[in-house]
Structures are given as structure tokens and as C-alpha cells.
Amino acid sequence: MDFFIQLFTDPVAFWNSHTLLIAQIGINSIIASSMFIVLYSGQLSLAAPGFMAIGAYTSVLMDLHWHTPLALNLAAGVVLAGVVGVLVGLPVLRLRGVFLAIATIGFIEALRLGVILNLPITGEGLGLKNPTADPLGGINMVLVSLAVVLFIMWRLTKGRLGAAWAAIRQDELAALSQGIDVARYKMIAFVLSAILAGFAGGLEAHLNFFVDPGDQQYGVTRAVQILTFAVLGGSGHFLGPVVGALVVTTLPWVFQQAHDYINIVTGVFLIAVIVFRPQGIVGRGGLAIVRPAWWPRRARVSAPSPG
Amino acid sequence: MDQQLLNAIFIGSIYALFAVGYTLVFGVLDILNLAHSAVFMFGAAITYSMVVNHGLPFWVACIVGIAACAVMGLVIEHVCLRPLRRRRAPPIAALISTVGLALIIVAAIEQGQTGSLFAWLWVDGPNSVAFPAGTIPNPTWHVGDLTLEASKVAIIPISIALMLVLGYVIRYTQVGRGLRAVAENPRAARLMGLDVDRMISLTLVISSALGGLAGILFGVALSDISPYIGRDNVEVRGLAVIVLGGMGSIPGAVIGGYLLGLIEVLALVVLGSNARGGVAFAALFLMLVLRPQGLFGAQLRERI
């Protein structure tokens, strides 16, 4: 409760004491938006942590070895993530649903366990130190990026591209028969999502003094967490993933009393939200909560029918 | 090398047993049950706890552990899957709800310490433990330069027998016909008078009991029981196994399990220990790209 009280009574102190949390929410929102693009076009891709790793390692390695400016490092990470996105997308985008999800899991784990943990330049399992990180100063950049990303998402989902993606998501065959180049639009979504994830990865690396190749960071655990942001928040509206990232990231602060049992609270929360609102927090039906089958029905007063 | 090959068969049996339950749920429901690896861990943890903290004999503890997992299967169905099915939610929603349950199960074991809420389940917190020596008779034989430990060798007949029994049940019994009917078309199965919900509950119970047993065998053979054995050892490898064999195919999962064991051991011998994990996932990726229906997808058209 203290969390909310401080947020409303003393926003300045809240900002100062929770800067890192706010930055993490911003980063998570950007990554969730990257997941949103693929989900919005009907593809269950879990590749985001792989592209984040590419963005993060590229940018930190350039900084370590060539001392190039941050903007250039981020740009290089984004370009590389995009290129790898094309190379990975070409073979895997024929796959659908769970198969695509598993193939992209194969990609991120092959990248993490096979490449990152075996190359001397990436520090193998030990990770990389990033002495020029700027945890507190980076927050403005994160918030500005988030605003730009949200604006782009808004325009994308309102435009031709978004309409094509929505059509493909709802019925691929129907979209094809309407003359939509399904393969091309899927590829655009996949590569855009890779680019965004690469950017978020680079940005996140800039906020931490250490690049950690662990499962929580660039592995399946992270992929599932990002999927949770997007699905819980609602994958039909561009604001959904941001709301999801905000809610899930702040849970440990909101339920401070739970202490060590926070994961149990999170689990119960995930199940409760998805059962009561399968479409996500932001989505069809305004704020109505769907009544699960086992919930007691309200006694209905039957009025005599006219006539 | 021979010893490594033997290890491939041990670990392959465990992968296969784990993946059979995974693929059974996918075959019947078209849903990935992401809580399956947590159930795997739960079985091992409960059995350990029953032996060490509650003083039950090993065999009784095994039964308690498997029964606890079967009950967990019912929990998965009633809490995570059935409410969503009633709402006709997209399959992706079930991913999130089963992840939620997995979080709860792992956290409950992780937080089990003396004096905590879950002390009756587990008292070793996040630590890795092993059954104390002497809990299970474990004679060891030396054949040539091979070392055969009973606890490892026993895995092979146990898993093969169970998988044969499951295959028989699904192929030749009334219950099996029901399961196959639900897998083929739930709507038609309901119209034929099948209790679809009950069939699905049964699927989850069988699947979770097998997952729990795989966990117990893993804990006994590798002397490693911790809240993270599911996540670290079988969560993603289980996916690799069911993809290698063809999603939803039980014989495919069995062969996929042994195949993955073999691939990993070969990678270990040829490329060294660091490459082991990477090679398995590269194989998974290539398999999906080159032959998404799995090794046996073409022949085994009928599901489960």
C-alpha cells in the first residue's frame, strides 16, 4: 500500500526512489510492444530475448572495444538484430502457432547456449562487464523511446500495415484470397519485432553494469515473461502490452507484504486475470469481467413476457 | 564411449517418459501444458520429502509422490484449462495460466523451509539434495569397463514397460478409444455421448503421474533434487523431444526422447560439454525448419 500512497502524495520522492523500477517498466514495455507486433499479425514468436541479446552484446562490445558513442552502438545492434531477423524469419515463418513458438525457442536457446556461452569475446558464461552503463541517467532516454515506440505502434495498427496484420491474424486463408501478400506482411512484422527487441536489448544493457547471459535474461524464462506481459495486457490493442508490462513488473512492489511468497501471488494473479479476462486487461468488452462457468449465477428475476 | 552411450539411454528414458505426458496433453487438447516441468519437479520433491522428513519407506513415498502429481493434474485441468475452455479462450491463454501454476508450484517448494508455510512439503529451500545413501538398494556391477548402477539400469525397463502399457491402453481399451475420439474431434465425441471433460481430466491425471514418475527417476538416478530440476533439465528439452518425434505422437515422443539423449551425448563427446545444450536446440530448430511434422509425422497420421 505504501507504494500507492507515495505515488499519489509525493510523486517526486516516488520518482527518485523508484527510478530503476520505472526504467525497467519502460524497457519491459518496449519489449512487450515488440512481442505485440508478432502477436498482432497472428504469429506466436518467442524470439524476442534472442534479438535482445544481439542488441545488448553488439552495443556493449562496440563500446568496450571501440569506445563508439551510444547512439551508434544502439543503431548497430538494431541493424544486426534486423539482419538476423530476416535470416531466421525466412525459414521459420512457414510454421504456425505452437510450432513457431517452439522453433523460436530453439533459436534463442541455440544462440544463448551454443553461441554466446561459447565465444571468448562474449565472456562465455561469465557475462560482460559494462563500465560505461548509466542506470539513473538512462531513464529519460527510455521514456522518450517508449513514447516514440507507442506513437509508432498507434500509427501502425491504424494504418494499412496494421489492417493487413489483423486480417492475417483472423484468417490467413481469407487474407490471402483478398490479395494480401501474407508471407511478406508476416516477414515485415517479424523483422520489425526483431528490430524493436534489439533496440530494447541495447537500451537495457546500457542501464546495467553487467550483461548476464542467464536464462532469466535471454532465455526461455524471459521469453515466457514477455509473452505474459503481452497476453495479460491484451494483444489486440497496442496499449495492452504496455499495461501488461506495467502491471506485472510492479506486482512485487504492490504486494510487498508477500515477501518471499511473491511468485505465488504472481502465479495466482496470472491465472485469475487470464481466467476472468481471456482477452487481456485491455481489449474487447471494456472493463467487463467475464464470469467463469463455476462462478455462482445471479438469481434472475423473470418478468412476465409481453403477449 | 560405451559408458556415454549407456548414459544416453538412461537420460533418454527419462526424457521419453516426461515427453510422453507432455505430448499426450498436446495430442488431446492442442495445448502446451507449461506446468508439466513443475509437476516433474514436484514428484521428485514430494517423494524426497516423504522419505527424509516424514520417514516413509521409499516405495510408499513413491506412491505418495505420484499420487500428488496426479492430483496436480486435476488442479491443472480444473483451475487452468477448464475455465478457459468454457470461455472458448484462444490456446495462448492456456499457456499463461499453466505458466502461472508452474510459478506457484516452484515457489511453494522454493520457499519450503523449516518454520515456513510449506515446511510440510519441503524443507531444503532452493538447495539441491539427494536421497541419503541406503534409502534405495543400489548394487553396482562392473561389466568390462562399464559401470552399471541398479538405480540407473532400472529406469530402462520401468519406462519402457509404462510406455507399452500406455500404448496398449490407448490403442485397445474403451478408455483409449475415448481419448482418441476426443483428440480427433471433441465436438463429435460429445455428440457420441462421451463425457469429454472427464476424458480430459483423465488425460491430465495420466500425463502428470508420468511426469512425476519421470521426476522421481531423475532424482534417484542423478542424485539431484531441487526446485529447479524441471526448469533446468526438461522444460525446453521436453519440447525438443516432442518436436523431434512429431507433436502429439506418443511413439514419436518415446523415440524422440532416446534420440535427444543420443544427440546430447554425441555432442558432449565430439564437441565438449559447453556445446551440449546448444546442439540440442540447434537440432530442434533445424528439425522444425526442415521437417515440422517430426520424424514420424507422415506415417503416424492418427494423433496419440
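**Close-up views of a two-chain predicted model**

**View 1. Residues 299–307 of chain A in the predicted model.** Where pLDDT is low, the predicted coordinates should not be read in detail. Chain A averages a pLDDT of 85, and 92% of its residues score at least 70.

View 2. With a relative accessible area of 6%, Ser193(A) is buried (under 20% relative accessible area, with a 1.4 Å probe and protein chains only). A polar atom of the Ser193(A) side chain lies 3.1 Å from the backbone oxygen of Ser34(A). Apart from neighbours within four places in sequence, Ser193(A) is in contact with Ser34(A), Ile37(A) and Val38(A).

**View 3. Fold of chain B.** Twelve helices and two strands make up the elements of chain B, and their order from the N terminus is α-α-α-α-β-β-α-α-α-α-α-α-α-α. The C-alpha trace spans about 55 × 50 × 35 Å along the principal axes of chain B. The radius of gyration of chain B is 19 Å, in agreement with the value near 19 Å for a compact globule of 304 residues; this radius is taken over C-alpha atoms, and the globule rule is 2.2 Å times the number of residues to the power 0.38. Of the 304 residues in chain B, 56% are buried. Among contacts in chain B with a separation of 6 or more, 73% are between residues 24 or more positions apart.

**View 4. Interface of chain B with chain A.** Here 42 residues of chain B are in contact with 45 residues of chain A. The buried area between the two chains is about 3600 Å², 80% of it from carbon and sulfur atoms; buried area is the accessible area (1.4 Å probe) that two parts lose on being put together, summed over both. In chain B, Arg87(B), Ile96(B) and Phe285(B) lose the most area to chain A, together 18% of what that side buries.

**Notes.** Residues are numbered from 1 along each chain as its sequence is written, and chains are lettered from A and ligands numbered from 1 in the order in which they are written. In this predicted model, local features need pLDDT of at least 70, side-chain atom pairs count only at pLDDT 80 or more, and totals for chains, interfaces and linings use all residues, while side-chain values use heavy atoms, with hydrogens and water left out.

Technical notes: Buried means under 20% relative accessible area, exposed over 50%, partly exposed in between (1.4 Å probe, protein chains only). A polar contact is a pair of N or O atoms within 3.5 Å; within protein, one must be able to donate a hydrogen and the other to accept it, and residues adjacent in sequence count only if both atoms are side-chain atoms. Contact means heavy atoms within 4.5 Å. pLDDT is the predictor's confidence in each residue, from 0 to 100. Helices (H or I, at least four residues) and strands (E, at least two) are DSSP runs, numbered from the N terminus.
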